[in-house]
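Student: I am new to this protein and would like to go through it step by step. Could we look at it together?
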Amino acid sequence: MSTGDPGPSQKSKKRAHDDSSQVKVKKPRSAKSKGNEKLDHWPQYFHLLFKVYKALNTVLAFVTSRKQLATTFPSIRSSVENITKQPLNMSQVAELKALLPEIINFAYVPHNQLRVNSVHKSADEPDFSAFSTSRESLVLAEEPEHVLLLEFAESWKGVPGGTSASETGYLLPATRTLAATTKLVEKRNERFIRAVDELLSATPPTDDPVSLLQAAARDHIPVDPKHKHKLPIDESAHMSIPNPQDRASVADILAEIKVQEWYKDQIMDQRTVEAREGQTGEIDEPLSATIQQALKNSRNITSLYSHQAVAIGALNSGKNVIISTSTASGKSVIYQIPLLRLLEYDPHATAIFVYPTKALAQDQKAALENLLLACPGLEHIQVSTYDGDTPTDLRSGIRSSASVIFTNFDMIHASILPYEELWRTFLKNLKFFVVDELHYYSGMFGSHVALVMRRFRRVCAAIGNQSIRFVSCSATISNPLSHMVNIFGLDATQIQVVTQDGAPTGSKEYLIWRSPYIDNSDPQLGRESGIRQAVVLMVFLMKRGIRVILFCKIRKVCELTMKTLRTELSSEGRHDILNRVQAYRGGYSAAERRQIEHDAFTGHLLGIVATNALELGVDIGALDAVLMLGFPVNIASFRQQAGRAGRRKRDSLVVFVAEALPIDQYYMSNPNELFDEGTDDLIVDLENKIILEVHLQCAAHEMPICSQDKQYFGPLLKGICQEKLHRDGEGWYHPHNKYLPLPSKHISIRGVQEDKYVLVDVTKSVASARILEEIEISRAIFEVYEGGIFIHQGRPFIVQELNHDSKLVKLIQVDVNWTTKQRDFTDVNALQTHRIREIKGSPHHAFYGRVEIFCQVFGFYKMRHNIVLDIVDVETSPWIHDTTGLWLDVPDFVLGLLRDKSIKPASAIHSAEHAFLNQFSLASDLRTECKAEEKEYLKKESRRKRSARLIVYDPVGNGSGVSVKAFEHVSDILHKACIAIKNCDCKEGCTKCILSPLCKEGNTVSSKAGALVILKAILNEPIDPDKIPYEADEKKLKGHDSIVSASPVHTKTAQKLVVE
Ligand SMILES: [Zn+2]
Ligand SMILES: [Zn+2]
């Protein structure tokens, strides 16, 4: 075997990107030096330790070769002793751990975490053992017993070379051969030799390497959490968490990070945004004494920041205002103060405050109520929430006596405008209309909201109120004025834009963090998982009293991270910290979320692991650090999340933990773009005929439409009215009969609300079951299947029973150290052609029609980290849904061209689809078939073949007609996509050409060159085969070809369609 230099090929190329530390251990060594002649210079003690290590290595390797069993110190002790003929004690293992900290795991973990199935089932035999286990043993004990785990950490990533990959791309240790195991043992032995050599060469002549090692080992003797109270006094003192008020500075923390044993130059980029002094401003007309007093008493506000003063002044002079400044710059004061002022003079004045989520509305309502209570003379002012949860019997009282309502656009669309006559007094007196978080309204939802706003202004004008002032706040966005104009339909000259931020901020340190190699000397083993890195950092920060929020991109990662944190903190015996960490994501019940928000706000929580559900401004108090696990959806999100840290005038920390995904890699190489690039423009489409029509039906119901309404609804009004609405004898338009009696019922502005499954925790008993959460059917299909693990607050639950009729899922809490991952496939099939369109300058066509989405979960893997423990089959019925979409067939000759260059057609098609969507402004409202790495880059041939076809479709049940729009502009979009790729300087793709933050599979299956060939071919542009580069990525070269030529899709009753 050649375990020496990796040779000049692939590997050395990879190394060139790395820092030099990996290369330093490049010394001649080979398995042939098994005789210890090279080790003559070692002190005798290390030879003895080596003997122990070799025995341990052999035992662990062979125990795990058959099956990924968790190994504990007591369980392997005697086997090791049998080989060494001497007792194995904990201090020796601790010394080995000190020598090879990244390779050996040696810690107490909860006993139940080690449960795996001891009997191996064959792949086609369903495994029910997990839930045939008796109820008693599954129930989580209050204080789990801990066992001492001892294993090699690197098996978490699997061991290349010796193992054969499963069809999933994960490693199946059960298949490790004898030869592979022997090789693994030798490799690990060499690592020991290198580690000792490094220690010896690093030890100054005045020091004794053996005592150094033994001293270091003392920190590695695991502590059983059960005995933690027996620790010496000084140890417990060390373990208390500093008060976040007294925490160290970020600079000190960073210095401390850099000397940790786990710090291996992960910081790839670091930059500081300096602290900024606050700037105050004056308003022309001073506030009344009572308002000043109220501000001081309830908020401790004695002066206004410059941006607040400018905005309040503008509102005073009758203008509309859009404020786009940083998070926590005191934006709400801007509309609260003018409201108080107004109410002082006009007790009948009313106001509407709109927030995108109920949580935000509740948060802000409480703030306003406090302010009113502190304001003598205004204490009686009634502030009410008016949302879907407001009981019907309270609604009329609110209409007649509330001065301010906190509501959302759904309610305005469906509950206020259709019943205008009930709201007439309120609307006549309406003086302020406030929309917070304006950036939230974009894409299809934004387009609906823009039309609701036009209906609203039209109704108010008709009842004689033309003096409403509109105020809106937004995160920092590229073009706040045009977005305000688009959403409200106001004249730009009536709007004052405020972007100069006068609020003070503390300094903020940004780090870009790259996971280190599992083993520096063997990059092929890959890098440590981002989750582990994030958890290590988070634990480190929390121990120092730093309040942290960790953002994860998806719910599942959020839970896996919480689970890892749980294990980590509990094995360290840090229940004091664990009790102050919570996960937060969509799906949790409103009550649970409010509780977490409250705990965060009051400072009880030290850490939150969240999805972007916490990105919006619910006040969760002062946080010191933000960690982002993976690049969030876009730059705007990145900044929004970063803005969660550093509320007061204190320094703060933002760490972007980059994952091994193309977009993360891109920003790691181009960090400037994270800080310098503008955010994307927010898109609102006012000319989508399908959406416009339903809002016109609603508007006509609110008040018959005439030609003058063009001022609200634009030039398409006439045509749609003539075609789709009902005209009376006098020329007024009324809703079409099919929309009556209530047109607003025909559309939900957030798209179709899916059926939900109720997840019930029946751990204790069915009688005392409690609802854990509710999830949409499109999630349920992939997340809950019998025998699978569902995680909630980082705690695993096993799905005991799933009833599709009652939509009820019963779960039992278990404490296992494996998770499950569904085995599934999704087919997106073009079923029927409705329209055909010419592609300019090309003989090829674009098609639009019926598309079927077919999802099937047929089993799951039991996984421990990245290793498959078991393959389980389940029988579930597929989830089939019809929608509409557009498709483009890839010309046949392209497949040949791609294959000649070893480019996978699947990669090229996937990238071409994203390249296409990237040039379409409403892409976030479309879907495409995302391809997963584990299904495309593997040797095993799949029976499933797909047509060589680009396909994008409307989300199921959305019916918004966005794909028609793409179809109607298909030539333009294709040209733009082609030009974007040609002109892009990036090497393997970036978000400006082929990568998409919306890709469900993280863009891992992609080919920039392949996408270009496809787009050129469809556009009939010349292609020079010599200029197509060969695919060089070894991972991509592996793998079957899953694409076959596309054949035409039938039309309805075989009619001949006219090419448009
Ligand atoms: Zn690019
Ligand atoms: Zn994708």
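Student: Which ring does the charged end of R837 sit over?
Tutor: This is a predicted model, and in it the charged end of R837 sits over the ring of F967, at 5.8 Å from the ring centre.

Student: And which ring lies under the charged end of R823?
Tutor: That is the ring of Y861, whose centre is 5.5 Å from the charged end of R823.

Student: Staying with rings, how many aromatic pairs does the count come to?
Tutor: The count comes to 36 aromatic pairs. Consider Y386 and W423: their ring centres are 4.9 Å apart and their planes stand at 85°, so this pair is edge-to-face.

Student: Where do Y386 and W423 lie?
Tutor: Y386 lies in the loop between β8 (383–385) and α15 (392–401), while W423 belongs to helix α17 (residues 420–428), so the pair ties together parts that are 37 residues apart in sequence.

Student: Is Y386 buried or exposed? And W423, buried or exposed?
Tutor: Y386 is buried, with a relative accessible area of 1%. W423 is buried as well, and its relative accessible area is 1%.

Student: Which residues do ring pairs link into a cluster?
Tutor: The cluster consists of F409, F433, Y440, Y441, F445, F456, F470 and F488, linked by ring pairs.

Student: Changing topic to strands: how many residues of β6 are buried?
Tutor: Strand β6 covers residues 320–324, and five of its five residues are buried. N320, I322 and S324 point one way from the strand, whereas V321 and I323 point the other way.

Student: In what sense do β6 and β12 pair?
Tutor: They pair in the parallel sense over four bridges, with β12 spanning residues 495–498. Within this pairing, V321 stands opposite Q496 in β12.

Student: What about β6 and β11?
Tutor: Strand β11 (residues 469–474) also pairs with β6 in the parallel sense, over four bridges. Here S324 stands opposite S474.

Student: Next, T290. Where is its place?
Tutor: T290 is in helix α11, which runs over residues 289–299. T290 is partly exposed, with a relative accessible area of 27%.

Student: What is T290 in contact with, leaving aside its neighbours within four places in sequence?
Tutor: T290 is in contact with E344, C375 and P376 when those neighbours are left aside. Its side chain makes a polar contact with the side chain of E344 at 2.8 Å. T290 and E344 are 54 residues apart along the chain, and their C-alpha atoms are separated by 9.6 Å.

Student: And N408, which loop does that lie in?
Tutor: N408 lies in the loop between β9 (404–407) and α16 (409–416). At 11% relative accessibility, N408 counts as buried.

Student: What does the side chain of N408 reach?
Tutor: It reaches the backbone nitrogen of M411, at 3.0 Å. Not counting residues up to four places away in sequence, N408 touches V354, Y355, D387 and R750.

Student: Let us turn to cysteines. How many disulfides does the count come to?
Tutor: The count comes to zero disulfides. A disulfide is a covalent bond between the sulfur atoms of two cysteines.

Student: Is C698 buried or exposed? And C855, buried or exposed?
Tutor: C698 is buried, with a relative accessible area of 2%. C855 is buried too, at 3%.

Student: Now the backbone. Is the peptide bond from L740 to P741 cis or trans?
Tutor: That bond is cis, with omega near 5°. P741 is found in the loop between β20 (733–734) and β21 (756–761).

Student: What is phi of E437 near?
Tutor: Phi of E437 is near 55°, which is a positive value in a residue other than glycine. E437 is found in the loop between β10 (430–435) and α18 (443–462). Its relative accessible area is 9%, and E437 is buried because the limit for that term is under 20%.

Student: And phi of N1020, what is that near?
Tutor: Phi of N1020 is near 65°, again a positive value in a residue other than glycine. N1020 has its place in the loop between α36 (1008–1019) and α37 (1034–1037). At 45% relative accessibility, N1020 counts as partly exposed.

How values were computed
Residues numbered from 1 in each chain as written. Chains lettered and ligands numbered in written order. Predicted model: local features only at pLDDT ≥ 70, side-chain atom pairs only at ≥ 80, totals over all residues. Heavy atoms only, no water. Buried < 20%, exposed > 50% of the residue type's maximum accessible area, 1.4 Å probe, protein only. Helix = DSSP H or I, 4+ residues; strand = E, 2+ residues; numbered from the N terminus. Pairing = 2+ DSSP bridges. Contact = heavy atoms within 4.5 Å. Polar contact = N/O pair within 3.5 Å; in protein donor to acceptor, adjacent residues only side chain to side chain. Phe/Tyr/Trp six-rings, centres within 6.5 Å; stacked < 30°, edge-to-face > 60°. Lys NZ or Arg CZ within 6 Å of the ring centre and 35° of its normal. Disulfide = S-S within 2.5 Å.
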